[in-house]
Amino acid sequence: MGSVQRLTALILGPPGGGKGTISKKLLKDFNFLHLSTGDVLRRHVRDQTAVGKAAQTYMIRGALVPDNVIVDLVVAELASKGHVPRLLLDGFPRTIPQALALEPHVSIDVVIDLDIPDQTIIERISNRWIHAASGRTYAYDYNPPKQKGVDDVTGEPLVQREDDKEETVKARLEQYKQITTPLVDHYRYQGTLATFSGTESDVIYPYVKAHLDAFLAGRSQE
């Protein structure tokens, strides 16, 4: 990849939109440090760090962890890693106030915005059924059970998780749009946003990779 220069990227995408798949490919091709705030938060709470304890006081009440605590978490995590030439933020910031709170500490160079049709996501997620006892998962579009509605191994009935039901998926997508649309507009105004539309992660990813390759090539010429 040539000379290593700092690149901080943020990936945005609706639930069920393939963000995890794209992120894995980015980690492999660009050697990013993947900073998922949800994962980091749970680890800090488990390890009872100062930031973790602060976050836990809100979580045990069922309240949202304040933006400043999450920013402290991100900053502490980066400080513990030393110099990080490639950083991929995932799960934060999600709102304008969060973005503004983070900006004095971390400068985001590239925002990868995944634009996946609602209907694609609804069909993908609502096709999932599980065998509750074992956790075996089936999907009627690519991994169907041998007999509809029945686990291949035990013959017991399959069930659908509440989160996978069509009505729940629609509600989550609507909530995502309400929260994230202003943030997308914010980064578009800053000139850091790149939106990638499609229905399949394997088709979208080459365009994401080409965009980052071009960004890095342009930076190396500066």
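## Polar contacts across the domains

A polar contact is a pair of N or O atoms within 3.5 Å; within protein, one must be able to donate a hydrogen and the other to accept it. By that criterion, four residue pairs are in polar contact between domain 1 and domain 2, with both residues at pLDDT 80 or more. The structure is a predicted model.

On the side of domain 1 that touches domain 2, three residues are nonpolar, four are polar and one is charged. One salt bridge is counted between the two domains. The side chains of Lys177 and Asp118 meet in a salt bridge, at 2.5 Å from N to O.

## Domain layout

Domain 1 is made of two segments, 7-116 and 177-220. Domain 2 covers 118-164. Their C-alpha centres lie 30 Å apart.

## Interface area

The size of an interface is often given as the accessible area lost when the parts come together. Here, domain 1 and domain 2 bury about 540 Å² between them. Carbon and sulfur atoms hold 46% of that area. In domain 1, the residues that lose the most area to domain 2 are Gly16, Ile116 and Thr199. Together these three make up 67% of what that side buries.

Eight residues of domain 1 contact five residues of domain 2.

## Annotated binding site

An unreviewed UniProt entry lists these residues under "binding site": Thr37, Arg42, Ala63, Leu64, Val65, Gly91, Phe92, Pro93, Arg94, Gln98, Arg161 and Arg172. They span 136 residues in sequence, and the farthest two C-alpha atoms are 30.8 Å apart, so the set does not all gather at one spot.

From this set, the lining of the largest pocket takes in Thr37, Arg42, Ala63, Leu64, Val65, Gly91, Phe92, Pro93, Arg94, Gln98 and Arg172.

Key
Residues numbered from 1 in each chain as written. Predicted model: local features only at pLDDT ≥ 70, side-chain atom pairs only at ≥ 80, totals over all residues. Heavy atoms only, no water. Domains from an automatic or database assignment. Contact = heavy atoms within 4.5 Å. Buried area = accessible area lost by both parts, 1.4 Å probe. Salt bridge = Lys/Arg side-chain N within 4 Å of Asp/Glu carboxyl O. Polar contact = N/O pair within 3.5 Å; in protein donor to acceptor, adjacent residues only side chain to side chain. Nonpolar A, V, L, I, M, F, W, Y, C, P; charged D, E, K, R; others polar. UniProt positions renumbered as here; feature names shortened; annotations may be inferred. 1 Å grid on protein atoms, 1.4 Å probe; cavity = no way out; pocket = protein on both sides within 12 Å on 5 of 7 lines; lining within 4 Å.
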